Amino acid sequence: MSYPTKYTRQYDYVAYQNANPNRPLPATSIHADLNAVALSTVETADFLKKSLRSDGALMNGSVGVDQLDPDLLAAGMAPAYAWATGTQYAVAEAVIANNGLYRCAVAHTSGVFAADLAAGKWVFITAVSAGPQGPRGAQGPQGPQGNQGAPGPQGVQGPQGIPGIQGAQGTAGVLGSYMQTETGAVSSPLIRRLNNTLFASEFGAVGDDTTNDYAALQAFINAVASSGKEGRFDSGKKYFVSGADLTITNGAGNNGFTLIGYGAQLRTDPTQFRVGLRITRPTYFGFRVEEARITLIEGLSFNAFQDANAQWGIDATGVINLVLRNLTFTSGADGGTAPNVNYAAIRLQQTNTTDGDTGCFWIEVENCRFKGGGTGMPNAIRMEGAINAVSITKNNFANVDTPIRFVGADTSVDTAAGATVGNGIKILDNSFEGIIEGIKFNGRTTGTNKTRIVGLIIQNNRIESVNALGAFFQYSGLNLDSETPPILGPNYLSSGDWGRYILNTNALTIDVRDELVKKVTIDPVSLAANSSATIGTVTVFPAAVGDQVRIELGVDTGLLVTGYVSAANTVTIRLTNPTSGAVDLPSTNFFVRVRPHY
């Protein structure tokens, strides 16, 4: 059937209405438009019935060989028969010859296969194993011999016997295995060659949580980084690594790479100082560093990476364009003495402590989970030196001593590069539970080149159960105001945690966007016209003299209500009557909002 009729509006109703504002729309034109809509709808429904079933799936039998892309047929999905001489072959036809799968590159009539192959008329696809030969059919019975005639005329020849039944054809040979061309690859099922993906098992990784898979996984990672192919840890596998650290160069040249591990787990040897994955910056030649492509590590679980002798889950040095997404980090039972500044699930650091240009640039840590063991996890994300343009969003930190720590590249040397912490850091929409120090700085606080932070935004985070040993935002590790003060809040704190929200012993400038909210019910005295009176106080913790106060009335009365922090944790409320008559306000709810001043 032809394509459905496209609906076209029949009449300009806007022009008609503008010309005739008091008259109804013309019924005849509306009727014609509705008929056109109905016709297009019916034809569209009939058209869809030709290709879709009622459950939304394609109609049975609607896809056949004619609908397949020619590249799929050329890749071996079309039937492949044994090569034969004297046969006309078309381009992309497939044959089996000499235990190999070949595709026709030049249309021709076959002669000698070896000669045709040497002439470039065939392209080798892959080796295949020949299927078993089918059984030979039984020979049919011989017909009876005719009677011999009397002397004279020759007797009639007896009828010919019925031919025997032809034997069944043997089953086609199963396409065999193949081997990736990258160093370290092992034989794997042919079906995987249809995609541009490398699997850890293709390099011999076992993933039984016992076998040391270091050599196989390192070969796998090297192949991913150099080939540009996507790398996948096999789902459901538990890889154990011992003896050395898995090391990745951040792409070959300016190339990035992708490692996917959904359903897979990586565990390091708890008896050794091991790192789950080391990522280092490559040597760049002939292009700008900012042209480095994205490196993505996604969906991998790092289990018990951080026990008494462990170091880092991911240790990234001088990397560029790194995305860490949907990762899980679970430390062992012994995470160290809290709050321990050593070890972290993720460490980002600059390569050279005297060269800030060797820092990390454009880093994303998103939707990751960090869970401490029996004694917690010392650090979840630790950033050392020049760490620029970092986005830490939608992560969950549970039972972690210090989820996010900023450290100077070298606090013992009075250099600008050694004292740098971070530039352009966003910490948004995360969840902090059972922590000691949420975000803390350990920078250089003395000398000429003191550590500073530029462009830090901390907003929309949920914070619960801050340990009494610390505070969520510890700004005392710096000794210079940033060029742009950190923006803190609004964040969402559980009850009782405001007293452990900010620790700022150096009194550095912070742009705090959070509000402390309290409701109080007061029955104020009657106010004469153009008069003011103090009507009460309310306790708001922790409020300090100089904090901003905003008070809202539960009803609209025409009165003005103001407030101020008159003493620590105490807000005084005043009411003003600007009208020309006395007002006696009944018992009313007052909503007190205090914005801390840091």
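This is a predicted model: local features need pLDDT of at least 70, side-chain atom pairs count only at pLDDT 80 or more; totals for chains, interfaces and linings use all residues.
Residues are numbered from 1 along each chain as its sequence is written, and side-chain values use heavy atoms, with hydrogens and water left out.

**Stop 1: aromatic pairs**

Rings of Phe, Tyr and Trp (its six-membered ring) pair if their centres lie within 6.5 Å; planes under 30 degrees apart are stacked, over 60 edge-to-face, the rest tilted. That rule gives 22 aromatic pairs. Stay on F220 and F233. Their ring centres are 5.4 Å apart and their planes stand at 75°, so the pair is edge-to-face. The pair links distant parts of the chain, 13 residues apart. F220 sits in helix α5 (residues 214–227), F233 in the loop between β11 (230–232) and β12 (238–241). Helices (H or I, at least four residues) and strands (E, at least two) are DSSP runs, numbered from the N terminus.

Now select F472 and Y501. Their ring centres are 5.9 Å apart with planes at 10°, so this pair is stacked. It too links distant parts of the chain, 29 residues apart. F472 is in the loop between β31 (462–466) and β32 (473–474); Y501 is in the loop between β34 (492–493) and β35 (502–503). Both F472 and Y501 are buried.

**Stop 2: the nonpolar cores**

A nonpolar core is a set of buried Ala, Val, Leu, Ile, Met, Phe, Trp, Tyr and Cys residues joined through side-chain atoms within 4.5 Å. The largest has 76 residues. Those with the most contacts inside it include L217, F220, F370 and F472. Helix α5 gives the most to this core, with 8 residues. Apart from it lies another core of 21 residues, among them V520, A543, I551 and V561.

**Stop 3: T402**

Which strand holds T402? Select β26 (residues 400–407). At 0% relative accessibility, T402 counts as buried. Its side chain makes polar contacts (N or O atoms within 3.5 Å, one able to donate a hydrogen and the other to accept it; residues adjacent in sequence count only if both atoms are side-chain atoms). The partners are the side chains of R405 (2.9 Å) and E437 (2.9 Å).

Notes. Buried means under 20% relative accessible area, exposed over 50%, partly exposed in between (1.4 Å probe, protein chains only).
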